[in-house]
Amino acid sequence: MSIVRTRIAPSPTGIAHIGTAYMALFNYAFAHKHGGEFIVRIEDTDRKRFVEGAEQVIYDALYWLNIPHTEGADIGGPYSPYRQSERLRMYTKAAQELVDKGHAYYCFCDAQTLDAMRTEQQARKEIPRYDRRCLHLSAQEIERKLANGEPHVIRMKMPDNEIISWNDLIRGFVEINTKELDDQVLMKSDGFPTYHLGVVVDDHDMKITHVIRGEEWISSTPKHILLYQYFGWELPQFAHMPLLRNPDKTKMSKRKNDVSIPFYKEKGYIADALRNYLCLLGWSHPQEKDIFSLDEFISAFTMERMQKTGPVFDIAKLNWMNGKYIREVLTMDELMRELQSFLPSDFPKELLPQIVPLVRDRLVTLADIESLTDFFYRNLPLTKEALIPKKTTVEEAKQFLQVAIEQLEKFDEKDWVATDMETAVRNACDARGWNRGAFFMTLRVGVTGKTVTPPLFDTIQVLGKEKTLKRLHHAMGILAA
RNA sequence: GGCCCCAUCGUCUAGUGGCCUAGGACGUCGGGUUUUCAUCCCGAAAAUCGAGGGUUCGACUCCCUCUGGGGUCACCA
């Protein structure tokens with residue numbers, strides 16, 4: 001039994017797509033489950049869509065998500081190169097072999113010719129398909145055209161009526177008749193292979209044992225199987241994963257969803273939370289757990305538990321998952337480390353260990369840190385109305401502040417402890433028979449400038465005596481104005 | 001449209017012929033804790049298991065048809 005080897009084969013056409021991460025995650029898990037290798041191959045054969053730097057964005061995204069590969073275009077490996085643009089010779093050789101064996105043929109039709117042909121076919125309500133006009137070119141004619149340097153592609157000669165089947169690890173038995181298939185272009189006129197040739201040649205060369213990819217590839221799998229047969233190569237196992245969906249159930253797309261992995265990183269999602277969430281799409285833990293580590297995923301993972309239906313990517317559940325990771329999975333140290341890149345420049349870093357515990361349960365994303373803590377280091381604008389809760393008069397509000405100030409002033413810096421101050425202030429409030437809600441709200445707004453804050457006295461403790469009293473006096477001034 | 005894939009609460013899912021008067025999670029709603037918000041705790045609503053036929057003593061589970069959704073039909077992957 002050979003070593004399990006899986007791969008993802010992204011195209012560097014722009015963003016690092018969440019769907020790529022999804023495929024990577026399951027390929028990675030399957031490989032590691034079986035003690036195998038997970039590799040990243042770059043399929044950059046479409047020079048029109050090639051985007052400079054896109055490749056690195058993909059690696060960065062995968063490393064961020066902690067889905068590392070052991071072989072790839074960035075780190076090399078025993079089957080280098082891992083970039084298709086650097087493997088052109090192999091495709092040329094393979095295509096030539098197919099031509100020699102009669103499984104492929106030269107085609108000199110240009111784009112206009114093919115367009116016209118398709119238009120006609122559609123007008124006749126036929127399925128658009130190459131009509132094989134170049135298949136019947138004589139050997140001499142082909143030779144002459146090639147000698148003339150005429151642009152050409154190499155097409156696969158599909159069998160007319162052959163049933164191709166395979167046992168999909170996720171779908172089970174699947175069969176497709178070759179009569180449904182077109183004479184697929186294998187080599188483009190620019191000398192680059194199409195996906196179909198490239199993927200088969202490379203997966204074979206790189207000894208890929210399990211092709212785990214999106215459902216969108218099901219209908220072209222017969223082409224690949226045929227190619228393996230023509231080359232006389234051993235077939236890999238195929239597993240076609242469900243496709244991530246938009247809320248309207250269509251294939252997850254940029255238009256209807258945030259599909260860029262860096263987007264989630266920048267928005268303050270925890271890599272492991274996103275990973276954990278992705279695990280739950282199309283797969284479920286045998287014990288119905290929601291929260292589990294990557295390692296646990298690997299050991300619990302089996303293809304049998306894969307769902308065939310495309311799951312909708314639900315940001316609401318991701319948000320819950322992220323909050324869950326922030327408050328329960330990450331240690332305080334880990335959280336503070338994750339928070340670093342989300343702290344505004346005026347954030348007092350030395351206070352981080354005191355501030356974070358106060359807002360931990362309130363963070364949904366790491367980026368929430370600023371809006372949740374700004375009053376610690378910024379004097380927020382105060383209005384008179386904000387200081388006066390419902391059913392409270394200006395005079396009462398003033399008294400609230402006056403009493404709070406009196407109480408707090410009794411505490412020295414060294415006795416500036418939340419619980420003690422709270423007791424004293426609350427007692428003062430109760431002694432006067434005031435409504436606690438109103439009283440504390442005025443106090444809260446006076447101290448922070450906000451109606452929603454962490455526990456008031458913990459906040460006051462972190463703020464310190466000087467700042468707290470200064471703000472309360474300022475609030476007093478506003479009420480007096 | 002042809003072909004292919006799929007079909008359990010709004011969403012993610014459990015369920016592999018009887019344990020299901022269908023379980024969990026998110027979200028929603030209500031309640032509790034609380035000086036705010038959040039957390040936490042408790043509870044509720046929420047799927048006649050897409051529909052109709054079979055098979056079976058018995059179907060969410062097996063088969064067929066229909067319907068619905070998705071994918072794919074490029075010198076893009």
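Visitor: How far does helix α17 reach from its first C-alpha to its last, and what makes that close to the expected span?

Guide: Helix α17, residues 418-431, has 14 residues and reaches 20 Å from first to last C-alpha, close to the 20 Å expected at 1.5 Å a residue, where the expected span is 1.5 Å times one less than the number of residues. Helices here are DSSP runs of H or I of at least four residues and strands are runs of E of at least two, numbered from the N terminus. This is a predicted model, in which local features need pLDDT of at least 70 and side-chain atom pairs count only at pLDDT 80 or more, while totals for chains, interfaces and linings use all residues. Residues are numbered from 1 along each chain as its sequence is written, and chains are lettered from A and ligands numbered from 1 in the order in which they are written.

Visitor: Which residues of α17 are buried, and what puts them on the same side?

Guide: The buried residues of α17 are M421, V425 and C429. Because they cover an arc of only 65 degrees around the axis, they lie on the same side of α17, the arc being that of the directions from the helix axis to the C-beta atoms. A residue is buried if 20 or more other C-beta atoms, placed from the backbone, lie within 10 Å of its own, exposed if 12 or fewer, and partly exposed in between. The face turned away from the buried side carries the exposed residues T419, N427, D430 and A431.

Visitor: Why does K254 count as exposed?

Guide: K254 has 12 C-beta neighbours inside 10 Å, and therefore counts as exposed. K254 lies in the loop between β10 (237-241) and α8 (261-266).

Visitor: Is R132 buried, exposed or partly exposed, and why?

Guide: R132 has 14 other C-beta atoms within 10 Å, so R132 is partly exposed. R132 sits in the loop between α4 and α5 (139-147), and its phi is near 70 degrees, a positive value in a residue other than glycine.

Visitor: Why is E288 called exposed?

Guide: E288 has 6 C-beta neighbours inside 10 Å, and so counts as exposed. E288 is not a glycine, although its phi is positive, about 60 degrees, and E288 is found in the loop between α9 (271-279) and α10 (294-300).

Visitor: How many residues surround RNA strand B, and which are the closest?

Guide: There are 69 residues around RNA strand B, the closest being E43, K308, P311, W320 and F440; a residue is near a strand if its C-beta atom, placed from the backbone, lies within 6 Å of it. The largest share of this surface, five residues, comes from α18.
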